[in-house]
Amino acid sequence: MELWYTEKHTANVGMICKIRGTLLRKRSPYQEIAVIDTEQFGRMLLLDGIVQTTVADEFVYHEMIAHVPLNAHPNPRKVAVIGGGDGGTIREIVKHDTVEKAVLVEIDAEVIEASRRYLPEISCGLDDERVEILIADGIEHIRQSKNVYDVIIIDSTDPVGPAVGLFAPEFYGSVYEALKDDGIMVAQTESPYYEPEQVARVFTGVNSHFPITKLYLAHIPSYSSGLWSFTIGSKKHDPAVINRGKPQVCGTKYYNADVHTAAFALPEFVRQLVKP
Ligand code: SAM
């Protein structure tokens, strides 16, 4: 008998994957957590029935959300990740020798436990000695932090449940305050095909606080539509320009210097979404 996982991306379209088995299925106080093993993508972490990461293509998302801001900043020493309980973003951050401290603020301890147990290749960076894990609401943590971080990465679930506030304009104001004078923030901001209003709304929200706001794209096969956006806000440095004064990270599978620059080249329909 064949077993298939189905995920609806809109009311009318979705993705199906043939599965080998279900490794975990449980409810935490915040969401339903599942880890399934699929033929195409290997192990997948699902939260409330939505793919968060897969062993086969996680490198695209994690490299692009981490190395773009960290390589645009001349000297990122203190970095925060809001959400990101699978640990993939942290794994990429700790590849940067300049980083002295990486703080992971994840609301749901059970996501971290699931990832440590079933996705060791993704969660391995969580054991780096520079990493501090806080089980807390990222909105509160950022509200209470002033002039602390060089880079803040918002690696959240879609805007439902506890993540709703992570997409609100007021939150980007708190992020601005939590960053140092030349700080940079980035947020994962969904698919421009299926969530154009969301992409435009977040861009406007970030742009209302940050003097430099840009959108960049990456291709992530397991995410809805495959075309994924990231919104980046910077106080001083142009995020599209790699700071070549600092050592570059090697051994990436998607990210490189050309991809960094090219990711900011937007198709016309996406450019229209973020037109001032
Ligand atoms: N790469 C993923 C994606 O875009 O689909 C996101 C991965 S990560 C698993 C997202 C995490 O954000 C979840 O573990 C969730 O618990 C966490 N999260 C949601 N709202 C949060 C909040 N307010 N504070 C901290 N973490 C939050």
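The structure is a predicted model, in which local features need pLDDT of at least 70, side-chain atom pairs count only at pLDDT 80 or more, and totals for chains, interfaces and linings use all residues. Residues are numbered from 1 along each chain as its sequence is written, and side-chain values use heavy atoms, with hydrogens and water left out.

**Exercise 1. Surface and charge**

Task: State the accessible surface of the chain and the share that belongs to carbon and sulfur atoms; then describe the placement of its charged side chains.

Solution. 
Step 1. The accessible surface of the chain amounts to about 11800 Å², and carbon and sulfur atoms hold 51% of it.
Step 2. For charge, Lys and Arg count as positive and Asp and Glu as negative, while His and the chain ends are not counted. Each charge is placed at NZ of Lys, CZ of Arg, CG of Asp or CD of Glu.
Step 3. On this basis there are 27 positive and 37 negative side chains, with the centres of the two sets 2 Å apart.

**Exercise 2. Overall fold**

Solution. 
Step 1. Helices (H or I, at least four residues) and strands (E, at least two) are DSSP runs, numbered from the N terminus.
Step 2. The C-alpha trace spans about 55 × 45 × 35 Å along its principal axes.
Step 3. A residue is buried under 20% relative accessible area, exposed over 50% and partly exposed in between (1.4 Å probe, protein chains only). Of the 276 residues, 57% count as buried.
Step 4. Contact means heavy atoms within 4.5 Å. Among contacts with a separation of 6 or more, 67% join residues 24 or more positions apart.

**Exercise 3. Two domains**

Task: Identify the domains and describe how they meet.

Solution. 
Step 1. Domain bounds come from an automatic or database domain assignment; here they give domain 1 (3-54) and domain 2 (58-273).
Step 2. The C-alpha centres of the two domains are 23 Å apart.
Step 3. At their meeting, 23 residues of domain 1 are in contact with 21 residues of domain 2.

**Exercise 4. Positive phi**

Task: N147 and E190 each have a positive phi although neither is glycine. Is N147 buried or partly exposed, and is E190 buried or partly exposed?

Solution. 
Step 1. N147, in the loop between α5 and β9, has phi near 55°. Its relative accessibility is 47%, so N147 counts as partly exposed.
Step 2. E190, in the loop between β10 and α7, has phi near 75°. Its relative accessibility is 5%, so E190 counts as buried.

**Exercise 5. Helices and their surroundings**

Task: List the buried residues of helix α6 and the elements that cover them, then locate H141 and S123.

Solution. 
Step 1. In α6 (residues 169-178), the buried residues are F171, Y172, G173, S174, V175 and A178. Their cover includes α5 (138-144), β9 (149-155), β10 (179-188) and α7 (196-207).
Step 2. H141 belongs to helix α5 and is buried, with a relative accessible area of 18%. Apart from neighbours within four places in sequence, H141 contacts V103, V105, L134 and Y149.
Step 3. S123 lies in helix α4 (residues 120-123) and counts as buried at 5% relative accessibility. With neighbours within four places in sequence set aside, its contacts are D86, G87, S115 and R116.

Key. Accessible areas come from the Shrake-Rupley method with a 1.4 Å probe; for residues, only the protein chains shown count as cover.
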